[in-house]
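Hi,

Here is the structure I promised to send over.

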Amino acid sequence: MIRISPQWRTAGTYVLVSAAWIWFSGHLLGYLVHDPRRIILYQIAKGWLFVLGTGLLLYWMIGRTVRRLSEANRQLLVSHEQALHVLVEAMDIRHKETSDHSERVVRMAMGLARLAGLEGNALRDVKFGALLHDIGKLALPDAILIKPGKLDDEETQLMRTHPRMGYDMLQRIDFLRGASAIPYSHHERWDGTGYPQGLQGEQIPLAARIFSVVDVWDALSHARVYKPAWPEVEVLDYLRHASGNHLDPHLVRLFLDHYAELKALALNG
């Protein structure tokens, strides 16, 4: 089956319709009008009708093509997202994370981001950044990732390279570049004692500050290979005490004020 490109289809339809209009309207005008003075006025009117009609035709055809391209782009983005979910699910299994860890933090981070006023592309970047927050750990050995005890100094230094690795990975993918703020900066601290850049306060990207609150809640609320889950009251107390040193105080307050709905979003989808 021969496939015609959108531009050829649009141009071809325009030419055919224009040719048909010129031929039929010219013959009809010659048949109906015989006064030379009147025929000039009718020719002018016919020209304006031609411009208006073909303009509307082009508007409709271009709009249809744009809608088709938008739908194709949407489907492509959905396919990319599905592939990323499979990759992250495999990462969670490899890293011995709790079930649904990545999906939980994505849902909760999106909820907190909306409360913080993010929308559009910024909200999409939070979604993909939260999903891929630990993508840099793919480059780390399992002996460090799933070690049941405390990491030694050398292991800690190696572990702290994963934000930069994740950032470098996402910078190589056009549609994920904007999402790299969370993988790169979610271990920064409000007081400037975090890593890898030692950013402080609002120097830390908003998306990363949002995710840090969510990540701390999830890490404490669920068992890991190196610790059991904390009681909920202790988790919330920790967040209050971390406000202003580890975490953005405004976002902690926003999180706690809407805790019930954010928790439901994280656990129930």
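Let me begin with D174, which is exposed, with a relative accessible area of 60%. Keep in mind that this is a predicted model. The side chain of D174 pairs with that of R177 in a salt bridge, at 3.1 Å from N to O. R177 itself comes out as partly exposed, because its relative accessibility is 41% and that class covers what lies between the 20% and 50% cut-offs.

That pair is one of nine salt bridges in the structure.

Take R104 and D218, whose side chains form a salt bridge with 2.7 Å between N and O. This one ties together distant parts of the chain: R104 sits in helix α3 (residues 101–115) and D218 in helix α9 (residues 206–221), 114 residues apart. So is R104 buried or exposed? It has 4% relative accessibility, so it counts as buried. D218 is buried too, at 0%.

Then there's D248 with R209, another salt bridge, where the closest N and O atoms are 2.7 Å apart. Again distant parts of the chain are linked, this time across 39 residues: D248 lies in the loop between α10 (232–242) and α11 (249–257), while R209 belongs to helix α9. D248 has a relative accessible area of 6%, so it is buried. R209 is buried as well, with 12%.

Helix α9, then, supplies a partner to both of these bridges: D218 for R104, and R209 for D248.

Cheers

Technical notes: Residues numbered from 1 in each chain as written. Predicted model: local features only at pLDDT ≥ 70, side-chain atom pairs only at ≥ 80, totals over all residues. Heavy atoms only, no water. Salt bridge = Lys/Arg side-chain N within 4 Å of Asp/Glu carboxyl O. Helix = DSSP H or I, 4+ residues; strand = E, 2+ residues; numbered from the N terminus. Buried < 20%, exposed > 50% of the residue type's maximum accessible area, 1.4 Å probe, protein only.
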